[in-house]
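Here is my note on the model. Please read it with the structure open.

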Amino acid sequence: MKITNDSKFYTLAYDAMKKEAERLEAFCENLDKNPELKNAQIAEYKCAKYRYAGVSVLHSVFFNNQQCRKIHDLGYSNYLLQYFSEALKSREDYFALYCSAPEGEKPDYALYYGILAFAEKQMAELEEKMPRANDWERIELTERLGGWCFGAECLHEAWEKRCE
């Protein structure tokens, strides 16, 4: 099944992640234009860059999976690019929810639970590094994790609002 229109779930999650990525990007670009101000706010600048790194990756994989579903019939791989299909299948609880979804809703179930499984794996890897991190590494990890958590929260909120 090719996806021809963006669902409410997709639109809500995509827009929320895009808005945050654009906010962080604008903040950093503004500081890039003013080296003196950037130097005075270098910690905030670096934190924004790390947060952006987290949310932008999740935003990008979410977008790319949706675009590929519009071009190709990805039903053979649970409506996801292979790597994300594997992430979905690696979580038995999520995969069971996907499998039991009504046929017409399976693409959104796959997108939600597949990307969420991917995000949770990435977040767990960042959290594993925390105990061994020095002060600045811990700040970097915390900010990256914050970006990932924000993206995951966008997925959750959009999922809850999809039927409203």
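**Notes on helix packing, core and rings**

1. Helices α3 and α7 pack with their axes 7 Å apart, at an angle of about 35 degrees. Axes here are lines fitted to C-alpha atoms, for helices over the stretch in contact, and angles run from 0 to 180 degrees between N-to-C directions. The crossing of α3 past α7 is right-handed. By convention, a crossing is left-handed if the near helix is turned anticlockwise from the far one by less than a right angle, and right-handed if clockwise.

2. Some ground rules. The model is predicted: local features need pLDDT of at least 70, side-chain atom pairs count only at pLDDT 80 or more, and totals for chains, interfaces and linings use all residues. Residues are numbered from 1 along each chain as its sequence is written, and side-chain values use heavy atoms, with hydrogens and water left out.

3. The chain has seven helices and zero strands. Helices (H or I, at least four residues) and strands (E, at least two) are DSSP runs, numbered from the N terminus. The C-alpha trace spans about 55 × 35 × 30 Å along its principal axes. Of the 164 residues, 42% count as buried. Buried means under 20% relative accessible area, exposed over 50%, partly exposed in between (1.4 Å probe, protein chains only).

4. On the α3 side the residues include K46, Y50, R51, V55, L58 and F62. On the α7 side they include W136, E140, R144, W148, F150 and L155. Glycines take part too: G54 in α3, and G146, G147 and G151 in α7.

5. F150 lies in helix α7, which covers residues 135-161. Is F150 buried, exposed or partly exposed? F150 is partly exposed, because its relative accessible area is 26%. Leaving aside neighbours within four places in sequence, F150 contacts A16, M17, E20, R51 and V55.

6. E20 deserves a look beside F150. E20 lies in helix α1. E20 counts as buried because its relative accessibility is 9%. Not counting residues up to four places away in sequence, E20 touches R51, V55 and F150.

7. L12 is also in helix α1. L12 is partly exposed, with a relative accessible area of 31%. L12 touches A158 and K161, not counting residues up to four places away in sequence. F95, 83 residues from L12 in sequence, is 23 Å away, C-alpha to C-alpha.

8. The largest nonpolar core has 45 residues. Such a core is a set of buried Ala, Val, Leu, Ile, Met, Phe, Trp, Tyr and Cys residues joined through side-chain atoms within 4.5 Å. F9, M17, L58, F62, I115 and L155 have the most contacts inside this core. Two or more residues come from each of α1 (8-32), α3 (42-71), α4 (82-90), α5 (92-99), α6 (106-129) and α7. Which element gives the most? α6 does, with twelve residues. As for I115, its contacts are L58, V61, F62, N65, F84, A110 and L155, leaving aside neighbours within four places in sequence.

9. The whole structure holds 18 aromatic pairs. Rings of Phe, Tyr and Trp (its six-membered ring) pair if their centres lie within 6.5 Å; planes under 30 degrees apart count as stacked, over 60 as edge-to-face and the rest as tilted. Y14 and F63 form a tilted pair, because their planes are at 35 degrees, with ring centres 5.8 Å apart. Y14 is buried at 18% relative accessibility, whereas F63 is partly exposed at 30%.

10. Y109 and Y113 also make a tilted pair, with centres 6.1 Å apart and planes at 40 degrees. The two are separated by about one helical turn, because they are four residues apart in helix α6. Both Y109 and Y113 are buried. Ring pairs link F9, Y10, Y14, F62, F63, Y94, Y109, Y112, Y113 and W159 into a cluster.

11. R91 is 4.0 Å from the ring centre of Y94, and R162 is 3.7 Å from that of W159. A charge sits over a ring if NZ of Lys or CZ of Arg is within 6 Å of the ring centre and within 35 degrees of the ring normal.

Note on methods:
Contact means heavy atoms within 4.5 Å.
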